[in-house]
Amino acid sequence: MSEPRGIEPPIKSMGGGQRFVVKYRSDARVLQDAAVLNRSLSAVVGRAGLSRAPLGARSASGPAVSAVLSQRSAVPRWNVVSASRVLNETEVVGFLRELRADPDVEYAEVEHMYQHMAVDSRAVTPNDPLYAARQWNFFNPTSGVNAPAAWDIAQGDGVVVAVLDTGIVQDHLDLQANVMPGYDMISDLRISRRATDARVPGGWDVGDWVEPNYCDGWAGAAAPRNSSWHGSHVAGTIAQETGNGVGLAGLAHKAKVMPVRVLGSCGGTEADIADGIVWAVGGEVPGLPLNPNPAEVINMSLGSGSHNACSPLLQAAMDLANSKGAIIVVAAGNSDDKAASYTMSSCKNIISVGANGLNGDRAFYSSYGARVDVSAPGGNGGVLNSGFIWQVINGGATRPTARWVTGGKAGTSMASPHVAAAVAMIQGVAATPLNWLQMRNLLRETARPAPVLASGSKQNGAGLLDIHAALLKALVPPCDASQQTCPLAATPLFSKIVDELDGDRGSSQLFRFEAKAGEVLSFITYGGRGDVSLYASFNKEPQVGQADAFSTRPGNSETVRFIAPSAGTYYVKLVVVSAFTDVSLVARQ
């Protein structure tokens with residue numbers, strides 16, 4: 001297993017100690033007996049040499065350490081373990097080494113902290129027609145999501161969207177009619193700003209302000225700031241009350257948003273986020289009632305601030321949500337870097353959303369690359385009306401007040417809820433709800449090409465979200481094979497858009513590409529690990545031994561090329577010779 005990432009700040013427990021996530025083996029006795037687990041942890045501390053303070057070394061290593069179970073995760077076999085103080089890097093390495101050596105332990109790592117993905121904000125009291133003046137992101141023909149035409153078809157009726165974020169301010173001026181109470185999953189009062197570590201119903205945002213030095217040495221340095229009201233802004237884009245003569249509009253304004261509060265002052269822990277995912281979709285969380293209104297869609301406008309692969313705990317929670325039919329939409333990140341290097345876009349079976357500005361190009365901050373599926377308005381910042389995404393938020397500096405303002409923010413946090421709302425609108429009218437892969441393919445197929453390419457090679461998904469086009473395609477009746485020739489079920493490819501893939505030995509994956517006549521067409525795989533073979537045919541499914549072109553070199557560097565292709569559909573099949581991961585597939589024409 002990987003060594004801990006030294007650049008990451010520690011997450012401290014309420015008592016001031018450091019937190020670790022640990023997965024135990026299915027037959028481990030400690031899963032049933034907390035006392036046995038704590039004795040096991042004491043033994044780990046002893047083997048790591050941390051159970052007594054070294055003479056004359058307190059300034060370097062600190063006092064003696066103890067470790068206890070502090071939280072049971074909703075994801076089976078996962079737990080949070082807290083040390084009594086923050087460990088230095090050498091101590092972390094030693095503690096994890098001995099913990100991983102325990103025969104009952106399958107995985108152990110430092111717990112990570114995640115932040116919301118807003119770049120900038122400002123708030124003003126509105127004095128003009130807010131929809132027409134501010135919400136370019138809904139109707140601008142170049143960069144908007146084509147909402148007015150989409151509203152003639154769907155508004156999200158009956159769909160529940162869970163917003164995993166800072167919560168929603170209770171009794172929201174322009175959102176409350178569309179809010180379905182959720183849960184506050186934050187298990188540390190220093191993060192939650194509540195009076196107790198206990199999780200509580202509602203999911204209401206009580207503020208996430210940060211005083212000077214509040215987070216230092218605990219969850220990493222964070223500049224002092226007022227409360228963000230980030231969750232209310234995100235939820236407003238999804239389902240702000242519309243047509244009521246107040247404030248601004250929401251996209252899926254007949255859907256219900258459910259606040260699942262996982263972010264507070266300084267951020268949120270991965271254990272709380274994982275439990276929030278599980279609870280949102282109706283899974284069992286120890287000590288909490290079942291969610292009586294499981295979400296079909298989850299929006300996660302949050303992520304890591306530094307390079308960080310998807311943790312096994314978060315992936316397990318997302319897999320559970322997928323198994324229950326939920327679709328997870330995440331912000332790609334604001335690092336102007338490859339999205340695959342950060343959580344949440346590095347996770348599997350999610351829809352990752354990049355941000356575009358008013359001109360339709362990739363926003364300067366938006367993370368990019370093969371893990372980004374589609375772009376949606378996130379704003380570029382800096383221009384009062386056109387540079388931000390606007391919604392009604394609370395006017396309080398720390399805790400909520402009776403004052404409400406329109407808040408302008410920019411970021412992939414603001415882009416992601418556009419896609420979450422689109423998913424809700426599509427699911428609300430689809431005869432059979434789509435799974436996450438069908439939904440991702442639909443959104444990619446119906447996206448509009450970016451009108452400008454100032455970002456060069458920094459790929460921002462298949463194009464710009466077009467909700468109207470997605471709805472029209474979703475409502476096309478299923479093909480009746482007895483009456484017509486039906487297209488093959490295949491994942492769409494787009495020119496110069498890279499797909500990063502995994503596969504098990506003996507399996508195959510089928511893709512399709514709409515080609516133009518005459519221009520050289522190439523299909524290429526490269527990178528990653530394992531061994532794949534590549535087969536391609538025009539207007540039919542290629543087979544091993546029966547394909548128009550193929551490449552079967554050892555490894556993953558495969559190329560097939562059509563010098564004078566016909567206009568129409570080319571099908572590409574990857575056949576897995578040995579299990580592969582992180583292999584890139586690209587069509588070039």
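Helices here are DSSP runs of H or I with at least four residues, and strands are E runs of at least two, both numbered from the N terminus. This is a predicted model.

**Whole chain.** Start with everything selected. By that count the chain has 13 helices and 26 strands. Its radius of gyration is 25 Å, close to the 25 Å that the globule rule gives for 589 residues, so the chain is as compact as a globular protein of that length. Along the principal axes, the C-alpha atoms fill a box of roughly 80 × 65 × 45 Å. Colour by burial next: 58% of the 589 residues count as buried.

**Helix pair.** Select H9, residues 270–280, and H10, residues 312–323. Their axes lie 9 Å apart, at an angle of about 5 degrees. Angles under 35 degrees count as roughly parallel, and H9 and H10 are therefore roughly parallel to each other. Show side chains at the contact. From H9, look for Glu 270, Ala 271, Ile 273, Ala 274, Ile 277 and Val 278. They meet Leu 313, Leu 314, Ala 317, Met 318, Leu 320 and Ala 321 of H10. The tally for this contact is 11 nonpolar residues, no polar and one charged.

Move to the open sheet of three strands, in the order S11-S5-S13, with antiparallel pairing. S11 (268–269) and S13 (302–303) stand at the edges, each with a single partner strand, so one side of each has no neighbour in the sheet. Zoom in on S5, residues 113–116, which pairs with S13 over two bridges. Finish on Gln 115: its bridge partner in S13 is Gly 303.

Notes:
Residues numbered from 1 in each chain as written. Predicted model: local features only at pLDDT ≥ 70, side-chain atom pairs only at ≥ 80, totals over all residues. Heavy atoms only, no water. Axes fitted to C-alpha atoms, helices over the stretch in contact; angles between N-to-C directions. Parallel < 35°, antiparallel > 145°, perpendicular 65-115°, else oblique. Contact = heavy atoms within 4.5 Å. Nonpolar A, V, L, I, M, F, W, Y, C, P; charged D, E, K, R; others polar. Pairing = 2+ DSSP bridges. Rg over C-alpha atoms; globule rule 2.2 N^0.38 Å. Buried < 20%, exposed > 50% of the residue type's maximum accessible area, 1.4 Å probe, protein only.
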